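This report goes through one structure, element by element. The sequence and the coordinates come first, and the notes follow.

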There are 2 protein chains.
Amino acid sequence: MPSSKDTSSLDIFFKPDSVAVIGSMSSPFFGAHVVAFNMKKFGFKGQIYLVNPKYKSVGDFKVYPSVRNIPGEVDLAVIVTSAEVVPGLIEECGEKRVRAVVVVADGFAERGSEGASLQRRLVEAARKWGTRVLGPNTIGVLDAWSGSVTNPYHIDYESVRRGSVAFVAQTGIIGPQAMSFHDMRLPLSKVCDLGNKCDVDESDMLEYLGEDPDTKVIAMHLEDVKDGRRFIRVARKVASEKPVIVLKPGKTEESAKAMQSHTGAMMGNYAVYESAMKQAGVLLVDTFQELLSIPKVFAYQPLPRGNRLGIVTITGGGGVMAIDAASRMGLRLAKLSSESIERLVSIHPSMASHPVDVGPAFPVSGDPRKLYRGSWDVVLNDKNVDAALITLYATRWFPHKEIAEEISRLRETGKPVAVWAYGPRIDDVINFYKALEEAEVPFFFTIEEAVKALALLYRYTHIREKLRRHVAS
Amino acid sequence: MPSSKDTSSLDIFFKPDSVAVIGSMSSPFFGAHVVAFNMKKFGFKGQIYLVNPKYKSVGDFKVYPSVRNIPGEVDLAVIVTSAEVVPGLIEECGEKRVRAVVVVADGFAERGSEGASLQRRLVEAARKWGTRVLGPNTIGVLDAWSGSVTNPYHIDYESVRRGSVAFVAQTGIIGPQAMSFHDMRLPLSKVCDLGNKCDVDESDMLEYLGEDPDTKVIAMHLEDVKDGRRFIRVARKVASEKPVIVLKPGKTEESAKAMQSHTGAMMGNYAVYESAMKQAGVLLVDTFQELLSIPKVFAYQPLPRGNRLGIVTITGGGGVMAIDAASRMGLRLAKLSSESIERLVSIHPSMASHPVDVGPAFPVSGDPRKLYRGSWDVVLNDKNVDAALITLYATRWFPHKEIAEEISRLRETGKPVAVWAYGPRIDDVINFYKALEEAEVPFFFTIEEAVKALALLYRYTHIREKLRRHVAS
């Protein structure tokens, strides 16, 4: 078996030339055949072989009785069976010189001592043949660029947006069967569920993604860390080049115990993890929602040069809440220059203070877009502003796309922007969301998340500088 | 002027028999005529008069040159003009014996010393005639039961759900022109924007809502508190009968300064507010989103008898996160009885621990609804469980309405439930959201908010007990 530090071999999970999918085909929503359908749907260009002795064909696919019968080479196998037969199948894959296996099957270390012993047999078989294993108890991977998707569940959309954010999690909820990646227009490079981590673990994956040219931002949900020292070493190296954003559940004894029956994760001390990760330059978030929504800001927006926040808001009350969030998260309200205030007042006399509240002028302004555009322009171009929060009113009476593109162009100032929008119709808010994301303007469902995203951008400028100085010295 | 403690007079803002709307009619989206259209749309049954000397009629409405020319009595006037003319209009309303006025117009204390002096003139005129004033700088009120809605902006829906939650805010964002109350199926009694509070203030409104038979839950956004001692006294009294949930922005000097240009609110010390409010039995929340989403739980769900949380989850990872949230917020994971565990295992062998993870059994179960129903039933009926979090997968392949109704029936156990759902399509999640709310099952967009709602329910049981003991002794 190659050393688990040979992470270049992980490429085979994401960009295989040929894939064998072994296992159950009895449900319309779940199984080996669903993996094959998903791969087709997502535009995977390599060979796909189905394996199950009980079938001759499924859909357009010929079905082979065993991997041994597959005529060509197989880079990657995906196993969607019951747990008992997995060690034997790994043996067969070894004989066939399959380089990597995703074990979707569950019922291993997460399910008591019997499962744990089965997992040991699985690992022994893989070691014998030098086969890399992801899982067991995983939905595997999605590569937005190659279209390789090992997910065994029906996926309710046909594509995801290609981009530079990689998500790694110790839960299947990260997969496209569960997350509305398409609707959210999330710019994805790779998604990976680590499952029980019997071989490939979080440090392998982090090291690999650190080198991955498709990936600019790495977001990880980690229930446990198998080798803390190695993870910290790898994180420190990767974080000097790319932001590493981590959600670490299991803060209490009760949740740590629950992790064990979820992925077989062993308890660690949360406070120790937290302090070590911060030391290593990891950006910690507090909720799964933050883990999903914050990384895109790093993909889309420039890093700020300082922590002075500009706020242009359509709700004065929201402006106040944004300041609260900003100061809690290490940003401060920018002091606008007197020239900026003059320019704002010349647009409308009600806009004489910061946060810039366009609300009062809105109903009396003949052209709300001019009001918007003018105030954004003044605030983003003020030399005392490093980043900006924009709050918007979402309604179908407004041209979402044009507004999104105008905000997008503010990037020319070299300063990052985040948006919170609300409105009387959820559909309109969602459509505005999509338009903003299409234009690479990060949208958030709450003020606090938008501000936190900007705060983490700022925090990362310090982390990167510190880590690079450390490397250079 | 009646004492500001005579809060029964506030009824006139919410249930007037006749309303005069005075002011601008030049924009299709904003103005006096829009107030009249909104009232019609929301089913207001009283008399509506429009007032503007420049018009003879607008739509189906005759327009009067002045309130003096209105033939019948006028209970409530709504003023949507520029600030300068407001004191004079208040005089006219006084002469007409109008009992209460909503001053929508802005440009008063929130806009420097000139505005402040105008506001003083407004107050003097109102005092002279004993007219109660809401505002200025407000969108006024919405009464879901009477259909009285003084909002000067176009409202993009025709009704809100009638219910028992009252929202009071010092920002117009709380209004139906901005919030998707209809889509959210929020069970509203009354909504009120306090604006600059030149007369009616937060204590008046709280005292009034405390007595209001339509209102069971009170949610308030307060930038400042005019009379701290009175508010605390009123809050303590009301909280012994109805939950009072407060968001208090202005935690920092910067945000307090911003409040001043928003509503003319004067700075106070946040820590002092916080501690006094907690003493008074107020439930504090941290974000506007929480202020919106948490109150409905009090309207729909029973109070728990203890803090032992049951969790039935379709994502094991989500179960772990829920425990983290629970312990942060004062709940603890229930220890299921051995009979419950036996019953769960008999449904599916993978469900042998708590949180109950239905995920592994989901794809292999012939009937996922039986799996759902069985596990909810076991957990909610376990004597060691006081409240339950249910996480769900939202897809159009599932009968949203039936699932919602099944969860709704769990209320027969006398224990509260909160739901978090996610899914591959935002539309499906939103439709599930609506179905759950229709069935009075509270839906949340994040695990943490769902858990916090249950935690506040539990906290309120203690508050109420303590306050009632205090009153009794």
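## Strand β9 of chain B and its partners

In this predicted model, B:Arg162 has B:Leu188 of β10(B) as its bridge partner. The two strands concerned are β9(B) and β10 (residues 188–193) of chain B, which run parallel and are joined by five bridges. β9(B) also pairs with strand β11 (residues 217–221) of chain B, again in the parallel sense, over four bridges. There, B:Ala166 has B:Ile218 of β11(B) as its bridge partner.

Strand β9 of chain B covers residues 162–169, and seven of its eight residues are buried, so the strand is largely enclosed by the rest of the structure.

## Strands β11 and β12 of chain A

In chain A, strand β11 (residues 217–221) is joined to β12(A) by four bridges, and the two run parallel. A:Met220 is the residue that stands opposite A:Val246 of β12(A).

Strand β12 of chain A, residues 244–247, is covered on both faces. A:Val244 and A:Val246 lie on one side, A:Ile245 and A:Leu247 on the other, and all four are buried.

## Helix α7 of chain A

Helix α7 of chain A takes in residues 228–239, 12 residues in all. From its first C-alpha to its last the helix reaches 16 Å, close to the 16 Å expected at 1.5 Å a residue. The buried residues of α7(A) are A:Arg230, A:Phe231, A:Ile232, A:Val234, A:Ala235, A:Val238 and A:Ala239.

B:Phe108 sits in the loop of chain B between β6 (100–103) and α4 (112–129). Its relative accessibility is 0%, and B:Phe108 therefore counts as buried, the limit being under 20%.

Setting aside neighbours within four places in sequence, B:Phe108 is in contact with B:Ala83, B:Val86, B:Val103, B:Gly115, B:Ala116, B:Leu118, B:Gln119, B:Leu122, B:Pro136 and B:Asn196. B:Lys62 lies 46 residues from B:Phe108 in sequence, and their C-alpha atoms are 30 Å apart in space.

## Cysteines

Over all chains, the structure holds zero disulfides. A:Cys192 is in no disulfide, and the nearest cysteine sulfur, that of A:Cys198, is 12 Å away. A:Cys198 is likewise in no disulfide, with the sulfur of A:Cys192 as its nearest cysteine sulfur at 12 Å. A disulfide would need the two sulfur atoms within 2.5 Å.

Both cysteines count as buried. The relative accessible area of A:Cys192 is 1%, while A:Cys198 has a relative accessibility of 12%.

## Relation between the chains

Chain A superposes on chain B through a rotation of 180 degrees with 0.0 Å of shift along the axis, at an RMSD of 0.0 Å. This is the relation of a two-fold axis. Within chain A, the C-alpha nearest the axis belongs to A:Asp427, at 4.2 Å from it. The same surface serves both copies, since 100% of the contact residues of chain A recur in chain B.

## Confidence

The average pLDDT of chain A is 93, and 96% of the residues score at least 70. Residues 1–5 of chain A have a pLDDT below 50, and this stretch has 14 contacts in the model beyond near neighbours in sequence. For the complex, the predictor gives an ipTM of 0.94 and a pTM of 0.95.

Terms used
Residues are numbered from 1 along each chain as its sequence is written. Chains are lettered from A and ligands numbered from 1 in the order in which they are written. This is a predicted model: local features need pLDDT of at least 70, side-chain atom pairs count only at pLDDT 80 or more; totals for chains, interfaces and linings use all residues. Side-chain values use heavy atoms; hydrogens and water are left out. The expected span of a helix is 1.5 Å times one less than its number of residues. Buried means under 20% relative accessible area, exposed over 50%, partly exposed in between (1.4 Å probe, protein chains only). Copies are superposed by least squares on the C-alpha atoms of residues with pLDDT of at least 70 in both. Contact means heavy atoms within 4.5 Å. pLDDT is the predictor's confidence in each residue, from 0 to 100. Two strands pair if DSSP finds at least two bridges between them.
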